[in-house]
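Please view the sequence and the structure together before reading on.

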Amino acid sequence: MQTNLASWARDTDLGNEADAILRRCVHCGFCTATCPTYQVLGDELDSPRGRIYLIKQVLEGAPPTQSTQLHLDRCLTCRNCETTCPSGVEYGHLIDIGRKIVDERVPRSWADRTKRNLLRRAMLSPLFAPAMRVGQAMRGLLPEALKRKVPERRDAGVLPQVAGHARQVLMLAGCVQPAMMPTIDAATIRVLDAVGIGARIAPGAGCCGAVSFHLDAQEAALAQMRGNIDAWWPLVQDGAVEAIVMNASGCGAMVKEYAHHLKHDPAYAQKAADIVALVKDVAEIVAPHAAQLRARLPDGVRAAFHPPCTLQHWQGLRPLSEQLLVDLGFNLQPFADPHLCCGSAGAYSVLNPEIALELRDRKLGAISAGGPDVILSANIGCIGHLQGGTDTPVRHWVEVVDEQLRQVAAT
């Protein structure tokens, strides 16, 4: 693709990055075949190729409009198009640049701005946890739209003493997961303990930054990234931990991009690169111990595995995760279009509920054809979103493994 950037974009860090990405696009359109929003809406401007053209036009000097902003907002950032693209176009980074530039030039309505700001602040607030507990206690009385966002409360259980393990890893404190689904973190700690690995959370660490980054607060997100690096750095520098383990693939995908987002920060660029080198999804840590765990697990459960976009398209970990589940004895049921987004995409399901619900129902329709007893996934957003549309239990795979280990231990 030929480009001619406007003077304000030429020779800037964002302009140079965007220009290099744009020039790799060959207009082939393969991306449209796997784009969820294009499949739902049928509008070329709601496809990766269409959005690339919109971003190119803005960078070349065309004034963006609210329509431009809307088409960029509708992108799920699933990166399915990157998996499909034969030219290696880094669309995810380009859409980040495009959104930032357009949001600086197109004022949002008061209502839209307020919704995004309140959503971001609510998810990051210390009041989120008590508010979630109240919501869970009153869940039966909530309207259906709100009830879908409030999962049933489950007891996290007793945590083991893990300080004595020779192998130690860090876990992300996160923002909403400890309040919404504390069983995921607890299960992760217990499963890692079962294979001789101690897991802990560093004081001062918090949200990975994804919430702010995708809700028009990229500078706030960068500050959160730096804060996490500062919290982890003493333990990393001393070699006290061998990895930083992520059990929410959305968080893992974001933290693995810290080096990219901070590459122009002289104080954090190298630290970010060192941190990224240690980041592992929990499946990557557990996989070498699958045989050890399998010897303690019952016969396989009939399950469907929904690979989150942040796991399969951002991190390329779908094959490893599926093989791990097979090795752990799960009887995985295949279903159509596992590469497509379920519609959760962080805050997307709140901001674009019609598209999100259509994608969710398509996903659940495909999964239900196999008749699984449980739907497994690896990201809290997907788990909550899918559970809102089905009576089949939707769980993080590590929760189910943990339950199996505890059931065997109790017999």
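A crossing counts as left-handed if the near helix is turned anticlockwise from the far one by less than a right angle, and as right-handed if the turn is clockwise. The model under discussion is predicted. Two helix pairs are described below in terms of geometry and contact.

**Helix 1 with helix 6**

- Helix 1 spans residues 13-22 and helix 6 spans residues 91-105; their axes lie 10 Å apart, at an angle of about 135 degrees.
- Because angles of 65 to 115 degrees count as roughly perpendicular and those over 145 as roughly antiparallel, helix 1 and helix 6 are oblique to each other.
- The crossing of helix 1 and helix 6 is left-handed.
- On the helix 1 side, the contact is made by Leu14, Glu17, Ala18, Ile21 and Leu22, and on the helix 6 side by His93, Leu94, Ile97 and Lys100.
- By class, the residues of this contact are 6 nonpolar, 1 polar and 2 charged.

**Helix 13 with helix 16**

- Helix 13 (residues 218-237) and helix 16 (residues 269-276) cross at roughly 70 degrees, and their axes come within 11 Å.
- Helix 13 and helix 16 are therefore roughly perpendicular to each other.
- A left-handed crossing is found for helix 13 and helix 16.
- Helix 13 contributes Ile229, Trp232, Trp233 and Val236, which meet Lys271, Ala272, Asp274 and Ile275 of helix 16.
- The contact of helix 13 with helix 16 comprises 6 nonpolar and 2 charged residues, with no polar residue.

Notes
Residues are numbered from 1 along each chain as its sequence is written. This is a predicted model: local features need pLDDT of at least 70, side-chain atom pairs count only at pLDDT 80 or more; totals for chains, interfaces and linings use all residues. Side-chain values use heavy atoms; hydrogens and water are left out. Axes are lines fitted to C-alpha atoms, for helices over the stretch in contact, and angles run from 0 to 180 degrees between N-to-C directions. Helices (H or I, at least four residues) and strands (E, at least two) are DSSP runs, numbered from the N terminus. Angles under 35 degrees count as roughly parallel, over 145 as roughly antiparallel, 65 to 115 as roughly perpendicular and the rest as oblique. Contact means heavy atoms within 4.5 Å. Ala, Val, Leu, Ile, Met, Phe, Trp, Tyr, Cys and Pro count as nonpolar, Asp, Glu, Lys and Arg as charged, and the others, Gly among them, as polar.
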